[in-house]
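Q: Could you walk me through one part of this protein at close range? I would like to get my bearings in the chain before we zoom in.

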Amino acid sequence: ALGEALADGIDHLLAQHDLPWRAYRLGNRSGICLNESLPRNAAEAASCISSDLNRWVRPFMANRGIWEPIYIHGPSASFAHTAEDIAIYLGVFDEMLGALKEGLR
């Protein structure tokens with residue numbers, strides 16, 4: 001349920017920031033797919049990722065207390081997390097999207 005809340009929250013924030021991206025869902029894991037539709041195969045999945053974006057997002061989140069341990073893994077919800085943890089993550093994610101959009105202008 002927390003993994004679903006995480007992905008739903010990411011999808012909501014992407015829409016709120018008018019970004020044409022989607023949150024992928026892989027069990028308890030989520031993250032950003034840089035396409036309007038989710039991939040159905042490896043070739044489509046490769047087009048969803050940006051190494052440059054990943055290299056920017058990870059330290060942005062870490063500098064605000066959110067650690068994503070694997071470079072391209074994206075966020076995960078585990079049995080140790082709470083709904084409050086997901087809300088904290090989404091708050092920082094919202095801040096990150098705002099900073100990203102400012103940088104794109």
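In what order do the elements of the protein chain run from the N terminus on?

A: Happy to! From the N terminus on, the order in the protein chain is α-β-β-α-α-α, which gives four helices and two strands (DSSP runs numbered from the N terminus, with at least four residues of H or I for a helix and at least two of E for a strand). This is a predicted model, where local features need pLDDT of at least 70 and side-chain atom pairs count only at pLDDT 80 or more, while totals for chains, interfaces and linings use all residues. Residues are numbered from 1 along each chain as its sequence is written, and side-chain values use heavy atoms, leaving out hydrogens and water.

Now to your pair. Helix H4 covers residues 83-104 and holds both Tyr89 and Phe93, four residues apart, or about one turn of the helix. The structure holds two aromatic pairs. Both Tyr89 and Phe93 are buried, meaning under 20% relative accessible area, with exposed over 50% and partly exposed in between (1.4 Å probe, protein chains only).

For context, buried residues make up 34% of the 105 residues in the protein chain. The C-alpha trace spans about 35 × 30 × 25 Å along its principal axes.

Conventions:
Phe/Tyr/Trp six-rings, centres within 6.5 Å; stacked < 30°, edge-to-face > 60°.
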